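Thanks for coming. I will take a few minutes to walk through one structure, starting with its open spaces and ending with a piece of its fold.

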Amino acid sequence: MSAFASFRHDVPSSIVVFLIAIPLSLGIAAASGAPLLAGLVAAVVGGIVAGALSGAPLQVSGPAAGLTVIVAGTIAEFGFAGTAAIVTVAGLLQILLGVTRLGRAALALSPTVVHGMLAGIGLVIALSQVHVALGGAPQSSAWANLRDLPGQVADYHSVSVLLGALTMTLLLVWSRLVKTTMLPATLVAVVVATVVAAAVGADVERVDLPANPLDALTFARWPDSPLWEVIPAVLTIALVASVESLLSAVAVDRMHHGARANLDRELIAQGAANAVSGTLGGLPVTGVIVRSSANVAAAARTRASTILHGVWIAGFVMAGAVLLEMIPMAALAAVLVVVGLRLVSLAQIRTYARHRELPIYVVTAVGVAATDLLIGVGLGMATAALFMLWRLARCEIHVTEPNSGAWLVSITGTLAFVASGRLTRRLAALPPGQHVELELHLDYLDHGAYETIRDWQASYTRSGGDVHVSEVHGSWLHRAGTDGLGTGKRPVQCPRQGSVRYELPPPRSKPIS
């Protein structure tokens, strides 16, 4: 495809992304407790800097809802200028991770924990912004927002509620009514709410931007705090921004058939964008799946689309700030309520329930919402580790009673000493004097479980029964039996395809002293 043909696709795509990015950037800045201009700075830098250097050309970067809670806490502790400096250092750390080719290591974190973290953040955002949509102010924690919500509902501002409800309704139904990417739901909802507020002369809080944006930039200033308090904030922003960007890049790869993402280069690009954004007083930058998917859906072909969207934002802020100042804050809050709730994906919940990983997702989400991000992620990782250990030590024992012929005992999974008690009880329940086929489908057998099988076989045989043991996969039993305990007999092929039968040696008699 020629450069002109690509550019012809990229310009309309950049306009679509620009129209989505403006209200989202303002809303994310408001929800973070940062100056509204900081969200627009991050959007411009994310588009131009990250877009120019990106290893995932169709990914669009900017301020992300997933970092809202972290940024709000950092601003409360270090102030905004200090937070900007932390964002700058976090960007330099991301560059180091990319240069040392550690980008893919961030993907080693369980997707269940990552999506649970985003769900918890979404709940925090929704609970805080619903207060703004009702005409009030958000509280300092998710619990406080939930606790004070009934009082806020009772003391609601009728015009704010109307504007918020109108915005949410349009966000939810627009894409079903109109099948075009040139009029994104976010833009339509915010514009309609703004027009309605202007038509009725509503006395509501609106966007407040400085008259001269370049003179109002809050440049980074190192916080007056001990280093050991600053380092955790740097690491948190760097790691969460990296994970979110790389996961988004992987997701964008699945949406198109072009070149695959270079994740280490993408991490360097994100780091460079964060270093510049923090220096200029902007919010942290990450790859954002909402804007990226809109970019792909609008038929973008090259990185020119994401770069141009940053240029359009910069030009609009310089020339059209008066239009932005007409937007009611209740409308932006309603946008973020919907964005936050969409981070709690029902499709992901069904998937994790099907794979028996839902407890990990729920523990992480509730932990993030109820405590803070680091504790919530830690709880999620600990839960994931426990589930992994449980699965590694898990085996299934099935006993089939015959209509005629032999009893069949099938053992599947990992058979270790921790399951010896359950195995002994199931084998002891078999009626005496029967023919038993013990069939093993094992990926591991330790010596303690081997001795349990051997001792039971010897005991059952002495009582008049007949036991044949066969392995359908592997030869764990043979290796355990010949490790100083074997009979020296050759294994016998069983009729079942791929299985081998072994006669286990009897327990050794202890010498009488």
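I start with the lining of the largest pocket, whose residues divide into 28 nonpolar, 11 polar and four charged. A word of caution before going on: this is a predicted model.

The pocket itself holds about 1,300 Å³ of space. Its lining has 43 residues, and those closest to the centre are Val288, Ile289, Val290, Arg291 and Ser293. Which helix gives the largest share of this lining? That is α10, with six residues. Helix α10 covers residues 289-297, and among the other helices that each supply at least two residues are α1, α4 (111-133), α6 (158-177) and α7 (185-199). Helices α8 (227-253) and α13 (329-342) also each supply at least two.

Now the second largest pocket. Its volume is about 770 Å³. There are 35 lining residues here, and Val69, Ile70, Ala72, Gly73 and Asp372 lie nearest the centre. Helix α3 gives the most, nine residues. At least two residues each come from several helices, including α5 (142-154), α15 and α16. By class, this lining divides into 19 nonpolar, 13 polar and three charged residues.

Asp372 deserves a moment. You will find Asp372 in the loop between α15 (358-370) and α16 (373-392). Is Asp372 buried, exposed or partly exposed? Its relative accessible area is 36%, so Asp372 counts as partly exposed. Along the chain, Asp372 and Ile121 are 251 residues apart, yet their C-alpha atoms are separated by 9.3 Å.

How many cavities of 30 Å³ or more does a search of the whole structure find? The search finds two. The largest cavity has a volume of about 40 Å³. Its lining is made up of Ile28, Ser32, Pro63, Ala64, Leu67, Thr68, Val71, Leu283 and Pro284. Seven of the lining residues are nonpolar and two are polar, with no charged residues.

The second largest cavity comes to about 30 Å³. Among the residues lining this cavity are Gly55, Pro57, Asp253, His256 and Arg260. Here the classes are six nonpolar, two polar and two charged.

On to the aromatic rings. The structure has three aromatic pairs. In one of them, the ring centres of Phe18 and Phe316 are 5.8 Å apart and the planes stand at 70 degrees, so this pair is edge-to-face. The two residues belong to distant parts of the chain, 298 residues apart: Phe18 sits in helix α1 (residues 3-32) and Phe316 in helix α11 (residues 304-319). Phe18 has 13% relative accessibility and therefore counts as buried. Phe316, at 25%, is partly exposed.

Last, the strands. Strand β4 (residues 407-415) and strand β5 run parallel, joined by nine bridges. What stands opposite Leu440 of β5? Ile411 does. Between these strands comes helix α17 (residues 420-428), and β4, α17 and β5 make a right-handed β-α-β unit. Strand β5 spans residues 435-445 and is mostly covered, with eight of its 11 residues buried.

That is the end of the walk-through. I can go back to any part of it.

Note on methods. Residues are numbered from 1 along each chain as its sequence is written. This is a predicted model: local features need pLDDT of at least 70, side-chain atom pairs count only at pLDDT 80 or more; totals for chains, interfaces and linings use all residues. Side-chain values use heavy atoms; hydrogens and water are left out. Buried means under 20% relative accessible area, exposed over 50%, partly exposed in between (1.4 Å probe, protein chains only). Helices (H or I, at least four residues) and strands (E, at least two) are DSSP runs, numbered from the N terminus. Two strands pair if DSSP finds at least two bridges between them. A crossover is right-handed if, with the strands pointing away from the viewer, the path from the first strand over the helix to the second runs clockwise. Rings of Phe, Tyr and Trp (its six-membered ring) pair if their centres lie within 6.5 Å; planes under 30 degrees apart count as stacked, over 60 as edge-to-face and the rest as tilted. On a 1 Å grid over the protein atoms alone, a cavity is a set of points where a 1.4 Å probe fits but cannot get out, and a pocket is an open set with protein on both sides within 12 Å along at least five of seven lines; lining residues have an atom within 4 Å of a point. Grid points are joined across faces, edges and corners, and a volume is the space filled by probe spheres set on the points. Ala, Val, Leu, Ile, Met, Phe, Trp, Tyr, Cys and Pro count as nonpolar, Asp, Glu, Lys and Arg as charged, and the others, Gly among them, as polar.
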